[in-house]
Amino acid sequence: MKPQHIYIELSGTSREIGLKYGREAKEMIHRNLAFYRTFFKEYARMEWIEAKQLAQSFIFLIQNSAPDLLDEMHAVAEGAGVSFEDILTLNCRSEVIFARPDGCSFVGFLSEHGKDGHVYMGQTWDWLIPAVENVCVLKIQKEGKPDQLIAVEAGMIGGKGLNSHGIGVCLNALSVGKGKIGMPLHVLYRMILNTNKASDAIEAVAQCDRAGAGNFDIGTASDYLFALEYTPDNFDVIMSEGEPLCHTNHYLSPLFAAQDTFKRDLTDTFMRYNTLRREVKKVNYPVDEKTLFGILSSHQNFPDSVCSHEDPRDPKYKRFCTIYGIVMDLTARRIWITDGRPCEGKIATYALTKEV
């Protein structure tokens with residue numbers, strides 16, 4: 001079956017990359033903009049024109065820290081035939097409103113437990129059901145930067161993925177009920193993937209002005225696996241010492257437990273975290289991508305399960321579910337991504353290298 005998401009290979013300058021991305025994903029970008037106009041109005045009581053005005057506040061920081069990514073946004077807008085402000089707002093959507101983070105469940109294994117000594121990690125991404133129509137997988141080759149393979153929402157320049165140095169990044173949405181003008185997380189994704197070792201990946205998040213809260217799950221082919229939890233004001237790093245690493249949508253670091261506001265609104269985070277912890281104790285080593293997809297397909301506590309299913313009684317724009325599951329082999333620089341929920345088994349494979 002042909003996947004619903006699209007795959008685009010991009011190379012060259014920031015402008016060349018952005019133009020081709022905008023042109024090839026034009027229909028999806030327009031559909032994604034329409035989705036977020038409705039989203040902002042329904043959930044934040046905010047008109048799109050107001051959201052675009054708020055997004056302007058983030059330009060200065062992006063220009064200072066990642067000007068090439070701002071150039072990409074301008075070119076994406078040109079290629080798709082929309083305004084730069086539209087594309088900027090998509091890339092700042094998590095920061096323009098801080099009240100509606102998305103859900104997800106993450107699991108990772110270091111080389112001692114991976115097939116052929118490989119490092120594996122993966123997650124589900126839970127969001128509003130219309131988002132399933134707007135997923136792009138991008139292969140990006142830019143001079144002076146590591147090659148990257150990422151899954152994004154159409155029009156966004158950053159997302160979950162890996163690079164040619166074997167750095168992989170996933171995300172768990174978290175909240176402390178506040179935010180500030182700072183680096184948007186979709187730009188931070190790319191800043192992490194522009195690094196070539198674990199300490200530099202931490203530095204990319206630790207040394208910037210962070211707009212909001214969250215957790216980046218970061219793994220490396222050199223055998224590091226850690227959760228980088230952060231707020232606008234501080235961060236902490238929880239490193240695996242060989243054990244599988246699991247994370248959902250509540251803080252694990254004692255530094256932030258008292259500030260955590262999202263756990264009140266998404267109480268199934270505790271069930272999903274417990275499910276993951278129990279599942280990893282039952283797996284047979286060594287693990288591979290099939291093992292991870294098996295874990296990510298769990299329906300324990302259905303429908304608010306690791307593999308989440310929507311409630312058909314809700315209006316379409318309010319139906320939450322797992323949009324996709326993604327698994328990465330950091331050693332082989334390969335990703336697998338589902339077209340819809342992991343339990344449905346529709347999986348596409350992409351790799352940065354032809355031979356692994």
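Visitor: Which residue in β12 does Trp127 stand opposite?

Guide: First, a word on what you're looking at: this is a predicted model, in which local features need pLDDT of at least 70 and side-chain atom pairs count only at pLDDT 80 or more, while totals for chains, interfaces and linings use all residues. Residues are numbered from 1 along each chain as its sequence is written, and side-chain values use heavy atoms, with hydrogens and water left out. Strands (E, at least two residues) and helices (H or I, at least four) are DSSP runs, numbered from the N terminus. β3 (residues 120-128) and β12 (residues 320-329) pair in the antiparallel sense over nine bridges, and the residue opposite Trp127 in β12 is Cys321.

Visitor: Is β3 mostly covered or mostly open, and how many of its residues are buried?

Guide: Buried means under 20% relative accessible area, exposed means over 50%, and partly exposed is in between, using a 1.4 Å probe and protein chains only. By that rule β3 is mostly covered, and its buried residues number nine of nine.

Visitor: Which strands stand at the edges of the open sheet?

Guide: Eight strands form that sheet, in the order β1-β4-β5-β6-β7-β8-β9-β10, with mixed pairing. Each edge strand has a single partner, so one side of it is left without a neighbour in the sheet. Those edge strands are β1 (6-12) and β10 (235-239).

Visitor: What angle does the direction of α9 make with that of β9?

Guide: Axes here are lines fitted to C-alpha atoms, for helices over the stretch in contact, and angles run from 0 to 180 degrees between N-to-C directions. α9 (residues 198-206) packs on the sheet and touches β7, β8 (214-220), β9 (224-230) and β10, where contact means heavy atoms within 4.5 Å. Its direction and that of β9 make an angle of about 5°.

Visitor: Why is α5 largely enclosed by the rest of the structure?

Guide: α5 (residues 67-80) has 14 residues, and its buried ones include Leu69, Met73 and Val76. Those buried residues pack against α1 (14-24), α2 (26-44), α4 (59-65), α6 (84-91), β4 (135-142) and α8 (185-193). α5 is largely enclosed because its buried residues number ten of the 14.

Visitor: How far apart in sequence are the parts that Arg190 and Glu72 tie together?

Guide: A salt bridge is a side-chain nitrogen of Lys or Arg within 4 Å of a carboxyl oxygen of Asp or Glu. Arg190 forms one with Glu72, the closest N and O atoms being 2.7 Å apart, and both residues are buried. Arg190 lies in α8 and Glu72 in α5, so the parts tied together are 118 residues apart.

Visitor: And Lys282 with Glu279: what separates them along α11?

Guide: They form a salt bridge too, with the closest N and O atoms 3.3 Å apart. Lys282 is exposed, at 59% relative accessible area, whereas Glu279 is partly exposed at 22%. Both sit in α11 (residues 268-282), three residues apart, so their separation is about one helical turn.

Note on methods:
Expected span 1.5 Å × (residues − 1). Pairing = 2+ DSSP bridges.
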